[in-house]
Amino acid sequence: MEALQMYVNGKWEDSSNKEVINVTNPSTGKVMATIPRGDHGEVDRAVNAAKDSFVSEEWRRFKPFERGRLLYDVAGKLKENRDELARLETMDVGKPLSQGYADIDAAIRYFEFYGGAADKVMGDTIPIEDGLIDYVIREPIGVTAHIVPWNYPIQILSRSVAAAIAMGNTVVVKSAEDTPLTASRIAEYFDQTDLPKGVFNHITGYGHEAGAALSSHPLINHLTFTGSVGTGTAVATAATSNVVPVTLELGGKSPNIVFSDCDIDKAVEGVVKAIIQNAGQTCSAGSRLLVEESFKETFLNKLVDRFNTLSVGPALDDYDVGPILNQKQFDRIQDFMALAEQEGTVLTGGKRINYEKYENACYMAPTIIDDLSLNSKLAQEEIFGPVLSVFTFKNEQEAIEMANSTDYGLVTGIWTRDINKAHLLMSRIDSGQVFINNYGAGGGIQMPFGGYKKSGFGREKGWIALYNYTQVKNVAIKFD
Ligand code: NAD
């Protein structure tokens, strides 16, 4: 069993209270590591170290391309340790091993993408008048805080940390208390590079302790939060009190909209993958199926058959669907299932799957629920399990209204061979990403990602995310 430590100002540390938090393997229900229960004191030291590094001559003199090379060094270490990291992420989160590998590969790409971008973010010149030169430069914003959720730990850490360091900022990460293992490895890799001490810091601990201390710390200059709407609101409130910008990546209730003129086999596969990835514990899960009424029977017959072929089991054995994170998340899903029995029709699944060997682990059969009202909690709220709710529409207008009928707006899938219809829907739906005849574009490191409405604001991923970590300075020079 590993006893992990925090990484503060280039040193490995336990928390001053000496308390630890157990980290459990969702596939077995057994404790496999401990992390320090970091709190205010550690957060304060990490933020101060990041502040001191930010203003240090050593970090300021790092050329942009040298920052990029450091990020490439980390990408190289991720590649060297790909097998170990994929297993760690798989054991930590409970996602099937092939998805663990996909997450490590995405993390490598973030470090490469932002490493390559480090010396390519340019300023502007602005025409004013003869005798006056005006230009705009982008400077780093300062100490950046990164609060990471449990479901995609290495990807979410990598995408914002790599962008922040590429632009010359310093970083304090608070990993999720349930899934901190790969964040700790990233700290090791940074430690092995020439990154000045204090530029990257990693704090472990509970959200209401370490997380709250970090988001309200007065020396933080930018907050990146990924997680639930409730916590995101608290983090944004703390940022407002300190008058600092915040990027919020929150939840979703994303629809897959299926028309009768789609390629049915591709659409079935797309809809299945969109809801079973990471056992549905994905912010961008396609958790609502909106299907054209005249096509419902044909499509659902195929879909239910496909669901019934899905295998469920321990993550390292790479079944189609792994376990639910823990008993608390599982109980939450079961409350939704009780409601489904009352308000709708469960077409398949809905039940726990027991493994004698792992009686403390929580496995759930992939589930489809029909006959729900649009106002049902099952139609409106994130279930965060392998649970798909089905609705039907008669025409394009109704499909648009249904797609927009939740508080969220993260991702939308549209399945049709009619590209005009697809574009009409795309232009009317409130959604940060729209996928036509696919869902996810294979991860899309380069594509801006973020939400409309309560799915958040600001964008992560892609070139645009670099601007989160810069501050604009305008300079005007008068000459005669
Ligand atoms: P969460 O909001 O409970 O926790 C997220 C992080 O915030 C954790 O590190 C936690 O320790 C910390 N935290 C908790 N309370 C805090 C507080 N008071 N102050 C500061 N930090 C605090 O979310 P979760 O359960 O870890 O993740 C699931 C949620 O995240 C889902 O709603 C999911 O949709 C969302 N999510 C969104 C994206 C995205 O990019 N849009 C990606 C992954 C997950």
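**A strand and its neighbours**

Guide: Let's start with strand E13 (residues 255-258), which runs parallel to strand E21 and is joined to E21 by three bridges; strands count as paired if DSSP finds at least two bridges between them. Strands (E, at least two residues) and helices (H or I, at least four) are DSSP runs numbered from the N terminus. This is a predicted model, in which local features need pLDDT of at least 70 and side-chain atom pairs pLDDT 80 or more, while totals for chains, interfaces and linings use all residues. Residues are numbered from 1 along each chain as its sequence is written, and side-chain values use heavy atoms, without hydrogens and water.

Asn256 sits opposite Gly413 of E21. E21 also runs parallel to strand E22 (residues 433-436), with four bridges between them; one pairs Val411 with Gln433 of E22. Together with helix H15 (residues 419-428), E21 and E22 form a right-handed β-α-β unit: with the strands pointing away from you, the path from the first strand over the helix to the second runs clockwise.

Why is E21 (residues 411-415) described as largely enclosed by the rest of the structure? Because five of its five residues are buried, meaning under 20% relative accessible area with a 1.4 Å probe, protein chains only (exposed is over 50%, partly exposed in between). Both faces of E21 are covered: Thr412 and Ile414 are buried on one side, and Val411, Gly413 and Trp415 on the other.
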